[in-house]
Amino acid sequence: MGKKIVLFVAAIVAVLAVVGGKWAHDNLTVELPKYTPINNPVWLDQNWTAEQRAWFHHPDQGTQTFGIPYEWFLALEQPELSLAAPGLLSDPQYLDRYGFIPSDANARKPELPIGFAHGGPLRDAKGAPWRNPQTNTDMTGLGLTCAACHTGRFTYRGTTVLIDGGPALTNLGNFQKGVFFSLMYTRDVPFRFGRFADRVLGPGASDEAKSHLREQFEQVWSQVKTVAKADEKVKDQSVEAGYARLDALNHIGNIIFAVDLKNPANYVGYSAPVHFPRIWDAAWFEWVQYNGSIQQPMARNAGEALGVGATLNITGEKDELYTSSVQVKTLFELEQLLAGTAPNADSGFKGLNSPKWDDKKLQNILPPIDRNLAAKGAALYQEICQPCHMPPITDGTFWTSPRWLPPNSAGERYLDLGMIDIKHVGTDPAQAEDMKNRRVATPPSLGITSDEFGLALAPIVEMTVKHWYDAQQPPIPEELRQRMNGYRPNGVRAPLAYKVRPLNGIWATPPYLHNGSVPKNFYLGNREYDPVNVGYRTEEFPGGFAFDTSKRGNGNSGHEFNDPPKKEGVIGRLLSPDERRALVEYLKTL
């Protein structure tokens, strides 16, 4: 009888271990794909020098995305629930599993990946220097920069191709979760904080220094938990983004109006994740964002910096308001690098160029374009695509289009791209609708007269930039301010429409997440390119993200070519399979 009881208890313990192990796996770990390390990647000719590319990958925009110093990031361990020491969180090969490309594209070299920026000295919430408790040296910032979301990649038969300005295949949600668990395990798992302290303080640090480091850690942990609780509260309103997507505008709004403003009521769910946009030529668009909502380049870039963790004071005394860590000069330099000088019909766009399928570096990698089939597709493009997406940028009629605005005072012209009503195009409406419908509460001290998200955001960003202009010695002169602002006003709007842009380089911007190009059973995160159908392979794989098209924010309807052509979401006549294949082949030539 006693033996049976022992066996029964052992069975119960085994079951609990299995159940507990599954719960821990589902709730306390980050499931990531395992990728083959990058070897000998190919960078395409996009009109940048190697030096320009290297600078774009790591400029400090003043962001402190993770709320921790650079020195802590190097000392944290991977979010593995184990008493043994796992690898470091900063291991480039590990970060590559989240989609962050190793800086020199060699996953075995310990450098910050593309899109990470090592910043200047950190300040705490009260403005005091944040110092190493043992050495008394300044701790330094760490944050994401443009390249984290705007450097594309794909592999084909063992070769990795990297695309400057293309949409990144990163999973920022998973990485946020990974940093959270890494901090939690450092705090709570035996021996882990000791190892962390040794790396940050150095061997033989005093007990006093270790105690002070623990105090600093608890302050950071409190801030991280506050954001995590806010995310949990709006979880039911949120759509998980997965790879290659982010609800950028709602993220900016949550950071500024809830975190910086210290008003949790302004925190909303991430209901409209969108594919990271390609950014070549975008400097010459009159309006940007998918819904054409932001007009001024400086406001767009400063808003992005604030949204990924640049500090901002909008709750202090009057003379302290709008103090921030945003590096406005760097943002201007980034925009200039992307834009180049004014484009024209003879030379085309002169900044970052779109990639080309027939780039010499791809000749022995991708299969050649079927020119006969592409010629058939060219006629189809002119018939059904060109009225909205404009002629190819290599066509003279592109440069004489009435969508080019008259020259401004600096002699520069911008493209006022077409806007298509969301009911007409029929694609997922979440990004346009949710920006238009969002409301925020602001205190009288800021003098903001509207509770509409866009109209409340615009003056905060404008005053943040103005504060930087005024604080320089001497202050930035008005003429230079206009140039740094891109000679455009701080316009913000929220139309129920989506912007239609030229399609040059479209072949290099997977995944394509609207209309029927997204199958019902679709997985994000696969890096292998399909040169026939154009895009990433979509089958299920370990660690892949299941893309559920039934959820609002993930819809795959609309932008359809079918009969009858006047139905909402049907924008053109029915195309035969052969016509679709010809059109896809032609798009490779753009």
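## Helix packing

Contact here means heavy atoms within 4.5 Å. The model is predicted. On that basis, Pro-297, Met-298, Arg-300, Asn-301 and Ala-302 of helix α9 meet Val-328, Leu-331, Phe-332 and Glu-335 of helix α10. By class, six nonpolar, one polar and two charged residues make up the contact of α9 with α10.

Two packed helices are described by the angle between their axes and the distance between the axes. Helix α9 spans residues 297–307 and helix α10 residues 328–339; they pack at an angle of about 120°, and their axes are 10 Å apart. Helix α9 is therefore oblique to α10. The crossing of the two helices, α9 and α10, is right-handed.

## The three-stranded sheet

An open sheet with mixed pairing is formed by three strands in the order β1-β5-β4. Strands β1 (42–43) and β4 (151–156) stand at the edges; each has a single partner strand, so one side of each lacks a neighbour in the sheet.

Strand β4 runs antiparallel to β5 (residues 159–164), and six bridges join them. Phe-154 has Val-161 in β5 as its bridge partner.

Strand β8 is joined by four bridges to β9 (residues 497–500), and the two run antiparallel. Met-419 has Lys-499 in β9 as its bridge partner.

Terms used: Residues numbered from 1 in each chain as written. Predicted model: local features only at pLDDT ≥ 70, side-chain atom pairs only at ≥ 80, totals over all residues. Heavy atoms only, no water. Pairing = 2+ DSSP bridges. Axes fitted to C-alpha atoms, helices over the stretch in contact; angles between N-to-C directions. Parallel < 35°, antiparallel > 145°, perpendicular 65-115°, else oblique. Left-handed = near helix turned anticlockwise from the far one by under 90°. Nonpolar A, V, L, I, M, F, W, Y, C, P; charged D, E, K, R; others polar.
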